[in-house]
Amino acid sequence: MERRLLHLLFTLCMLCLPFLFRGSKMRENLVIFFSKGVLATLIDAYVVGTKRIEYPVRPFPKIFKTNIVYDILFFPLLSVIWVKLSYNDNFWKILLKSLLFSVPMSLGQWYLQKYSKLFKWKKWSPFHTFGSVSFTLFTIRGLVGFIKMLDKFKHNQNVT
């Protein structure tokens, strides 16, 4: 069952890829995608290395101790969607929309940890997931804000 869930998640991610990277903000979306992939992989490597979480069923288990489908595809795609949804929002709307992503993610991981072999939590809880998802969402959103400032600065330099 776990392998089927991973294949389903991988397939859904691959189907979403072409739709999320269209339009005028493609460069920005690619920066978000790859930055979140790096950030998620680093955090997950630390968490797995300190034996807080274990992934008994994962792709390429002889090569990776983390689940690369989550780190390199799923979480980055969710971040691209989240940034698209919150791109022009103020702080309070961004905070509310982050809850719409981090709370279901925490509950979903708790459910999968309890009823599947995808996760094995040792020193981890839904609150840790909530905190790490929120942290990475806001870190990536901060990066997008920084890119927007650089673009505005560059545009102002070209106008004068």
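## Exercises on a predicted model

Lys 122 is partly exposed, because its relative accessibility is 47%. The model is predicted. The exercises below start from this residue.

**Exercise 1. Say how many salt bridges the structure holds, and describe the one formed by Arg 27.**

Solution. 
- Step 1: The structure has three salt bridges.
- Step 2: Arg 27 pairs with Asp 151, with 3.3 Å between the closest N and O atoms.
- Step 3: Arg 27 lies in helix 2 and Asp 151 in helix 5, 124 residues apart. These are distant parts of the chain.
- Step 4: Arg 27 is exposed, because its relative accessible area is 54%. Asp 151 has 32%, so Asp 151 is partly exposed.
- Step 5: Another salt bridge joins Lys 97 to Asp 89, with the closest N and O atoms 2.6 Å apart. Lys 97 counts as partly exposed, because its relative accessibility is 23%.

**Exercise 2. Explain why Cys 13 is in no disulfide.**

Solution. 
- Step 1: A search of the whole structure gives zero disulfides.
- Step 2: The cysteine sulfur closest to that of Cys 13 is in Cys 16, at 6.6 Å. A disulfide needs the two sulfur atoms within 2.5 Å. The sulfur atoms of Cys 13 and Cys 16 are therefore too far apart for a bond.
- Step 3: Cys 13 is buried, because its relative accessible area is 4%. Cys 16 has 35% relative accessibility, so Cys 16 is partly exposed.

**Exercise 3. Describe the largest nonpolar core, then list contacts of Val 83.**

Solution. 
- Step 1: The largest nonpolar core contains 35 residues. Tyr 70 and Val 83 have the most contacts inside this core.
- Step 2: At least two residues come from each of helix 1, helix 2 (26–49), helix 3 (68–86), helix 4 (91–115) and helix 5.
- Step 3: Helix 3 gives the most, with nine residues.
- Step 4: Set aside the neighbours of Val 83 within four places in sequence. Val 83 is then in contact with Ile 32, Ile 140, Arg 141 and Val 144.
- Step 5: In soluble globular proteins, nonpolar side chains tend to be buried together.

**Exercise 4. Decide whether Leu 15 is buried or exposed, and name the surface patch that includes it.**

Solution. 
- Step 1: Leu 15 is part of helix 1 (residues 2–20).
- Step 2: The cut-off for exposed is over 50% relative accessible area. Leu 15 has 53% relative accessibility, so Leu 15 counts as exposed.
- Step 3: Leu 15 forms a nonpolar surface patch with Met 1, Leu 5, Leu 8 and Leu 12. Together the patch has about 490 Å² of accessible area.

Terms used:
Residues numbered from 1 in each chain as written. Predicted model: local features only at pLDDT ≥ 70, side-chain atom pairs only at ≥ 80, totals over all residues. Heavy atoms only, no water. Patch = residues over 30% accessible without salt bridge, like charges linked within 9 Å, V, L, I, M, F, W, Y side chains within 5 Å. Areas by Shrake-Rupley, 256 points an atom, 1.4 Å probe, with all protein chains shown as cover. Salt bridge = Lys/Arg side-chain N within 4 Å of Asp/Glu carboxyl O. Helix = DSSP H or I, 4+ residues; strand = E, 2+ residues; numbered from the N terminus. Buried < 20%, exposed > 50% of the residue type's maximum accessible area, 1.4 Å probe, protein only. Core = buried A, V, L, I, M, F, W, Y, C linked by side-chain atoms within 4.5 Å. Contact = heavy atoms within 4.5 Å.
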